[in-house]
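Try each task before reading its solution.

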Amino acid sequence: MSISLIPHSPRLTKDFPHCGVTNIIDISPFASNVQMNRTMTAPCPPHPDCSPSDTPACWRDVDDALAAGIDRLILYGPPGTGKTFAGLTLGDIQAGAFRLICNEEMTAADVTGHFMPTSGGTWTWVSGSVLRAWNGNGLRGGRVVADEIDRASGDVLALLLNMFDTHDSASWQHPENGQVHSPRPGFSVVMTTNIEELRLIPAALRDRFPVAIRIDRPHPSALLRLSPNLRRPAAASADADESRRFSLRAFYTFDQLCQAGLAFERAAHLVFGAQSSDVFDALLVNDIDRHSMPSALVHD
């Protein structure tokens with residue numbers, strides 16, 4: 001396991017289980033609340049049928065990072081593996097979790113807020129996702145889950161880089177009353193992206209997010225929502241070659257169609273198209289006896 005360190009100090013040098021890439025770890029100056037958060041963070045929610053040994057290395061990395069108080073975290077890799085869900089639910093979210101979906105058309109209003117007309121003919125200020133997360137519950141900051149932040153336009157990205165800076169450096173002035181806002185203690189950011197190679201993430205973002213974990217497998221708790229014979233193929237498919245890759249969402253839909261009584265071949269065609277035969281082959285390759293399939297999947 002190799003660990004690369006961004007040139008800051010002090011550094012956290014705990015070994016995280018390797019998940020396909022080098023994990024970059026540097027908690028100074030981003031985790032001033034490490035000791036405060038350590039007793040407040042929670043690992044992935046347990047499931048009665050899911051033991052720690054079932055948890056892929058990448059999700060153990062996420063648990064370790066959040067438990068250590070890391071408050072700037074990148075989750076990247078193929079779509080449909082639960083990156084956004086993890087950002088919204090894992091760790092210290094007692095002060096709230098706020099999702100920010102980034103794209104080329106978004107504006108600063110999505111980040112900080114904007115004025116909205118009221119029924120009384122006046123205008124009121126509606127805070128954006130980041131400003132709401134800064135304020136959290138009024139005592140502690142919440143968390144922003146910034147989806148596809150690398151897709152934000154230049155002006156918005158510059159604003160986000162400022163607001164995701166260290167607690168001492170980040171600030172924003174309200175356009176109406178001139179009040180200067182800054183994040184409350186405990187504010188954190190989880191950035192998610194479908195970029196699959198760490199080197200493709202812009203350097204300015206990497207500088208703000210010192211820990212980057214490639215998520216290449218669905219979490220076991222998510223897989224347990226599938227019929228047993230679909231879990232291993234779904235897990236393997238999440239990081240397969242792009243032409244044979246299907247997200248967990250696709251398998252959920254396929255499972256739903258089969259459980260509703262649709263013929264296996266028809267359900268596979270609707271969800272997986274030309275690759276439907278590959279799905280059936282995957283069920284067989286993974287040592288699944290066809291006679292053990294749910295009745296909706298068996299057609300002699």
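## Exercise 1: A helix and its surroundings

The buried residues of α6 pack against β4 (97-101), α4 (108-111), α5 (129-135), β8 (172-173) and α7 (203-208). Before going on, a word on the model: it is predicted, local features need pLDDT of at least 70, side-chain atom pairs count only at pLDDT 80 or more, and totals for chains, interfaces and linings use all residues. Residues are numbered from 1 along each chain as its sequence is written, and side-chain values use heavy atoms, with hydrogens and water left out.

**Task.** Find which residues of helix α6 are buried.

**Solution.** 
- Start with the terms: buried means under 20% relative accessible area, exposed over 50%, and partly exposed in between (1.4 Å probe, protein chains only). Helices (H or I, at least four residues) and strands (E, at least two) are DSSP runs, numbered from the N terminus.
- Next, go to residues 154-163, which form α6. Val-156, Leu-157, Leu-159, Leu-160, Leu-161 and Met-163 are the buried ones there.
- Then step back to the loop between β7 (143-147) and α6, where you will find Glu-148. With a relative accessibility of 16%, Glu-148 counts as buried.
- Finally, check the backbone of Glu-148: its phi is near 55°, a positive value in a residue other than glycine. For background, most residues other than glycine have a negative phi.

## Exercise 2: How α9 meets α10

**Task.** Describe how helix α9 and helix α10 cross, and name the residues that make the contact.

**Solution.** 
- Two packed helices are described by the angle between their axes and the distance between the axes.
- Locate α9 at residues 228-237 and α10 at residues 248-259; their axes come within 9 Å and cross at roughly 155°. This makes α9 roughly antiparallel to α10. Angles under 35 degrees count as roughly parallel, over 145 as roughly antiparallel, 65 to 115 as roughly perpendicular and the rest as oblique. The axes are lines fitted to C-alpha atoms, for helices over the stretch in contact, and angles run from 0 to 180 degrees between N-to-C directions.
- For handedness, the crossing of α9 and α10 is right-handed.
- Now list the partners: α9 supplies Leu-230, Pro-233, Ala-234 and Ser-237, while α10 supplies Leu-248, Phe-251, Phe-254 and Asp-255. Contact here means heavy atoms within 4.5 Å.
- Sort them by class, and this contact of α9 with α10 has six nonpolar, one polar and one charged residues. Ala, Val, Leu, Ile, Met, Phe, Trp, Tyr, Cys and Pro count as nonpolar, Asp, Glu, Lys and Arg as charged, and the others, Gly among them, as polar.

## Exercise 3: On to α11

**Task.** Work out how α10 and α11 cross, and where the buried residues of α11 fall around its axis.

**Solution.** 
- The axes of α10 and α11 come within 9 Å, crossing at roughly 150°. That makes α10 roughly antiparallel to α11.
- The crossing of α10 with α11 is right-handed.
- In the contact, Ala-250, Phe-251, Thr-253, Phe-254, Leu-257 and Cys-258 of α10 meet Phe-264, Ala-267, Ala-268, Leu-270, Val-271 and Phe-272 of α11. Those residues divide into eleven nonpolar, one polar and no charged.
- Helix α11 covers residues 264-272, and its buried residues are Phe-264, Ala-267, Ala-268 and Phe-272. Viewed down the axis of α11, these buried residues fall within an arc of 100°, so they line one face of the helix. The arc is that of the directions from the helix axis to the C-beta atoms.
- Just after α11, Gly-273 has a positive phi of about 60°.

## Exercise 4: Buried or exposed?

**Task.** Classify Ala-86 and Ile-101, then find their contacts beyond four places in sequence.

**Solution.** 
- Ala-86 sits in helix α3, and its relative accessibility of 4% counts as buried. Its contacts are Trp-59, Leu-75 and Arg-143, leaving aside neighbours within four places in sequence.
- Ile-101 belongs to strand β4 and, at 51% relative accessibility, counts as exposed. With neighbours within four places again left aside, Ile-101 is in contact with Met-106 and Asp-147.

Conventions:
Left-handed = near helix turned anticlockwise from the far one by under 90°.
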